[in-house]
Every structure is written in structure tokens, then in C-alpha cells.
Amino acid sequence: VAPMALVAAVPPAPAPAPSADFQALVLACNKDGMESLRKGQSKAAFEQFKYAEAMLGDADGDITSLLAVTCSNLGCYYKKVGKFHGALSYLRKALKMEVDLRTDPVTIAGTHLNICAILSKLEKHDKAVQHALCALDLVSERVNTAEPDSISQDDYSVLAVAYHNVAMERDFMGQYEKAAAAFAQGHRVATRCLGEDHPLTVALGQNSEAVVQKSQRLVRKERPLVAAL
């Protein structure tokens, strides 16, 4: 009997990209929505994002990157209006798509940080710190491996926010030494890359001092009293 040949599976043909006009319209809705959100016009922002989402629901072709942007922005909207479970749902969808698309690591880090902030509001600090640490790893690798000229101020800002969020979650969990270390590292990075007067630098410095004092008070409180002779 002749040996059997293995038939290679034929991968499906990639879906065609939507037209340039369609992409431009979806991105314009998202841009206008974020602009409205920044101005505090929540209703207008919501309408723009949902219109983009509805268009994508009826679209043909590979819309994953457009859907990732829209879900991320809807997550930001729900976070802004205090609907945290809705925000988490959209941001988790966006994160999965961004990872699958191998999106820019700083963008993925930003989504991790948004999820961290929401989980923190829901007092799920153990889960929040994991997302903050993911963001920190992603941006640190980017900063440490990219050419210095290719790293933007926004990249350094995201790195500083990642250190800040890791430290805040450690603080919430009573891990004061780890919190102090993260605040101090973030403060050094922010001072060097953003300048000592940048709001993030100032916040990291103040929080670093506060958590060190908190740790010292705890040590004094736990220190056993020496009986007077």
C-alpha cells in the first residue's frame, strides 16, 4: 500500500479591507466623539461612538482595527460617566483585538492602564495591579529597546503613569515598601524624561514621600515596646 500523503490545510483568504471612505468615516466619528468627551459633552460623544459601532456591525471585510479603536473609546466613555462594568466589557474587547493585531505596545499599555483604573474603582486591587504591571512591562521594553530619537514624550508619560498605577495599587494592598519603590522609580524616570515641574513628576514625588511616611509609621506601630526596668 502506498504511503498516504498529508493534505495541507488551505488557509482562508484574508478578508478585504473596507473602503478608504468607510475607514475615514469611522475614524472621524471616533475623533469627534473623543473631542466631545474631552469637552464634557457626554451625550454627543456617546452618539458618535455608537454610530461608529453600528456602521461596523453592518460592514464587510476586515474591520478589526476599527472595531478595536471604537471599543476602546466606548470603554473610555463608560469610564467617564461612571458605568464601570460597561467600561470593563468594552476595554477587554479592545485589549483582545489590540493584542491579536499586534498593535503598538504603548497603545496596548494604555488599554491596560484604563482597565487598571476601573478595577481599582471597583476595589479589585489584586487584578488592577496585574494590568498596571503588564503596562509597565510593555512600555519599559519599548523605551529600553527603541532608538532614543523614536521615543516620544507621550511614551514617557505612559511609562510614568504605569509606575504611578503600580505604586497606587501596592499602596491600596498595604504593600508599602513595594509601593514606595515603584513611586521612587517612576519619579526618577519622570524627572529625567519629562522634567521636574511636570505634573506627573510632582505627583510621583509627593506620593513617594507620603507612602514612605506611612510605612515608617507602620513599622513604629508594630515595633515591640521595651519594658521599663
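Is Asp 155 buried or exposed? Asp 155 is buried, with a relative accessible area of 7%. The structure is a predicted model.

## Salt bridges around Arg 142

Arg 142 forms a salt bridge with Asp 155, and their closest N and O atoms are 3.6 Å apart. Arg 142 lies in helix α6 and Asp 155 in helix α7 (residues 153-172), so this pair ties together parts that are 13 residues apart in sequence.

Arg 142 also forms a salt bridge with Asp 104. Here the closest N and O atoms are 2.7 Å apart. Asp 104 sits in the loop between α4 and α5, while Arg 142 is in α6, so the pair ties together parts that are 38 residues apart in sequence. Asp 104 counts as partly exposed because its relative accessibility is 32%. Together, Asp 104, Arg 142 and Asp 155 are linked in a network of salt bridges.

## A pair within helix α4

The count for the model comes to seven salt bridges. One of them joins the side chains of Asp 100 and Lys 96, at 3.0 Å from N to O. Both residues lie in helix α4 (residues 84-100). They are four residues apart, about one turn of the helix.

The cut-off for exposed is over 50%.

## His 131 in helix α6

His 131 has its place in helix α6 (residues 125-145). Its relative accessibility is 17%, so His 131 counts as buried; the cut-off is under 20%.

Which residues does His 131 touch? Leaving out residues up to four places away in sequence, His 131 touches Leu 95, His 112, Ile 115, Cys 116 and Leu 119.

## Helix α1 against helix α3

Two packed helices are described by the angle between their axes and the distance between the axes. The axes of helix α1 (residues 20-38) and helix α3 (residues 64-80) come within 10 Å. They cross at roughly 15°. Angles under 35 degrees count as roughly parallel, and α1 and α3 are therefore roughly parallel to each other. Their crossing is left-handed.

From α1, the contact uses Phe 22, Gln 23, Val 26, Leu 27, Asn 30, Met 34 and Leu 37. From α3, it uses Leu 66, Val 69, Thr 70, Asn 73, Cys 76, Tyr 77 and Lys 80. By class, the contact of α1 with α3 has nine nonpolar, four polar and one charged residues.

## Helix α3 against helix α5

Helix α3 also meets helix α5 (residues 105-121). The axes of α3 and α5 come within 11 Å and cross at roughly 25°. α3 and α5 are therefore roughly parallel to each other. α3 passes α5 in a left-handed crossing.

Which residues make this contact of α3 with α5? Ser 72, Cys 76 and Lys 79 in α3 meet Thr 111, Asn 114, Ala 117 and Ile 118 in α5. These residues divide into three nonpolar, three polar and one charged.

Methods. Residues numbered from 1 in each chain as written. Predicted model: local features only at pLDDT ≥ 70, side-chain atom pairs only at ≥ 80, totals over all residues. Heavy atoms only, no water. Axes fitted to C-alpha atoms, helices over the stretch in contact; angles between N-to-C directions. Helix = DSSP H or I, 4+ residues; strand = E, 2+ residues; numbered from the N terminus. Parallel < 35°, antiparallel > 145°, perpendicular 65-115°, else oblique. Left-handed = near helix turned anticlockwise from the far one by under 90°. Contact = heavy atoms within 4.5 Å. Nonpolar A, V, L, I, M, F, W, Y, C, P; charged D, E, K, R; others polar. Buried < 20%, exposed > 50% of the residue type's maximum accessible area, 1.4 Å probe, protein only. Salt bridge = Lys/Arg side-chain N within 4 Å of Asp/Glu carboxyl O.
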